[in-house]
Amino acid sequence: VQLQASGGGLVQAGGSLRLSCAASGRTFTSSAMGWFRQAPGQEREFVVVISGSGRFSYNADSVKGRFTISRDNAKSTVYLQMNMLKPEDTAVYYCAAAGRFYTDRAYYSQVGQYDFWGQGTQVTVSS
């Protein structure tokens, strides 16, 4: 699976952005898809994950009520709608694919559970 993230940019606090991640490969519909982010000097952290069917998803507490993940399996694309953005959301955002969808946060939030990664897209939120 190859992943290509896009949609990042500069936005003012309170604004919105939608990130996209286009996937190639035959296993997209069976892959759990996640978004992670990494701010300068910090570790990559979990943001949100969605199951292959799109029926289930989990968010990090820091983005609940503001970020929504969705997917269009016909287009092999996953989206991250980000609303009410805050300066602390500033980071490089990465999409990732996993061969299995976990319901235990101990697993779905871990970088090591994802097999494929996109190149990242920068999101900058100004105050």
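The model is predicted, so the values here are computed from it. Asp89 is a buried residue with side-chain polar contacts to follow, while Ser76 and Met84 each have a positive phi.

- You can find Asp89 in the loop that links strand E8 (77–82) to strand E9 (91–98).
- Asp89 has a relative accessible area of 1%, and because buried means under 20%, this residue counts as buried.
- The side chains of Asp89 and Arg37 form a polar contact at 2.9 Å.
- The Asp89 side chain also reaches the backbone nitrogen of Lys86, at 2.8 Å.
- Leaving aside residues up to four places away in sequence, Asp89 touches Arg37, Arg66, Phe67, Met84, Val123 and Val125.

**Two residues with a positive phi**
- Most residues other than glycine have a negative phi.
- Ser76 is not a glycine, yet its phi is positive, near 50°.
- Look for Ser76 in the loop between strand E7 (67–72) and E8.
- Met84 is not a glycine either, and its phi is positive at about 50°.
- Met84 sits in the loop between E8 and E9, and Asp89 lies in the loop between those strands too.

**Buried or partly exposed?**
- Ser76 has 17% relative accessibility, so it falls under the 20% cut-off and counts as buried.
- Met84 has a relative accessible area of 46%, which means it is partly exposed, since exposed would need over 50%.

How values were computed. Residues numbered from 1 in each chain as written. Predicted model: local features only at pLDDT ≥ 70, side-chain atom pairs only at ≥ 80, totals over all residues. Heavy atoms only, no water. Helix = DSSP H or I, 4+ residues; strand = E, 2+ residues; numbered from the N terminus. Buried < 20%, exposed > 50% of the residue type's maximum accessible area, 1.4 Å probe, protein only. Polar contact = N/O pair within 3.5 Å; in protein donor to acceptor, adjacent residues only side chain to side chain. Contact = heavy atoms within 4.5 Å.
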